[in-house]
Amino acid sequence: HPPTHTHLLSRSFSFGIPTWTQQHRNSQLSLPRLKDFDWRVDLKAASDSVVRMAAPTCIVQMNIQNPAASASEIATVSAHTFEVSKETLDTMLDGLGRIRDQLASVGSQ
């Protein structure tokens with residue numbers, strides 16, 4: 001008995017899905033991803049003729065995976081190191097806490 005139109009259409013779609021999926025992946029915008037991070041606390045020495053002081057500071061290193069420009073390329077990872085004062089760290093942690101809370105509320109809905 002001859003194939004139905006539905007059967008022919010489903011076969012046509014099933015053959016095209018891998019190609020369409022790859023084209024969709026290639027057209028998507030991909031942002032860099034945090035792969036790893038490390039930190040340490042240092043005492044930054046500051047002195048003049050009158051006062052010697054040590055100010056705590058945080059050194060952060062983040063390893064960021066940059067997206068590949070095409071499917072045939074391999075994504076690269078780059079290290080970014082920066083210094084953060086206690087005040088800046090407090091601001092960052094406050095912002096990250098708000099992000100965490102918002103993600104938790106969205107995820108629980």
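Q: Among contacts in the protein chain between residues at least 6 apart in sequence, what share joins residues at least 24 apart?
A: A contact means heavy atoms within 4.5 Å. In this predicted model, 35% of the contacts between residues at least 6 apart join residues at least 24 apart. Because the model is predicted, local features need pLDDT of at least 70 and side-chain atom pairs count only at pLDDT 80 or more, while totals for chains, interfaces and linings use all residues. Residues are numbered from 1 along each chain as its sequence is written, and side-chain values use heavy atoms, with hydrogens and water left out.

Q: Which pattern does the secondary structure of the protein chain follow along the sequence?
A: Helices (H or I, at least four residues) and strands (E, at least two) are DSSP runs, numbered from the N terminus. Here the chain has 2 helices and 3 strands, in the order α-β-β-β-α.

Q: How many salt bridges does the structure hold?
A: A salt bridge is a side-chain nitrogen of Lys or Arg within 4 Å of a carboxyl oxygen of Asp or Glu. The structure holds 5. One of them joins the side chains of E83 and K44 (3.2 Å, N to O). This pair links distant parts of the chain, with E83 in strand β3 (residues 76–85) and K44 in strand β1 (residues 33–47), 39 residues apart. Another joins D94 and R98, also at 3.2 Å, N to O; both residues lie in helix α2, 4 residues apart, about one turn of the helix.

Q: Why does R98 count as exposed?
A: Buried means under 20% relative accessible area, exposed over 50%, and partly exposed in between (1.4 Å probe, protein chains only). R98 counts as exposed because its relative accessibility is 58%. Over the chain of 109 residues, buried residues make up 7%.

Q: Which residues make the nonpolar surface patch?
A: Patches are made of residues with over 30% relative accessible area and no salt bridge; like charges are joined within 9 Å, and nonpolar side chains (Val, Leu, Ile, Met, Phe, Trp, Tyr) within 5 Å. Accessible areas come from the Shrake-Rupley method with a 1.4 Å probe, and for residues only the protein chains shown count as cover. In this model M92, L93, L96, I99 and L103 make a patch of about 480 Å². L103 is found in helix α2 (residues 86–107) and counts as exposed, at 59% relative accessibility.
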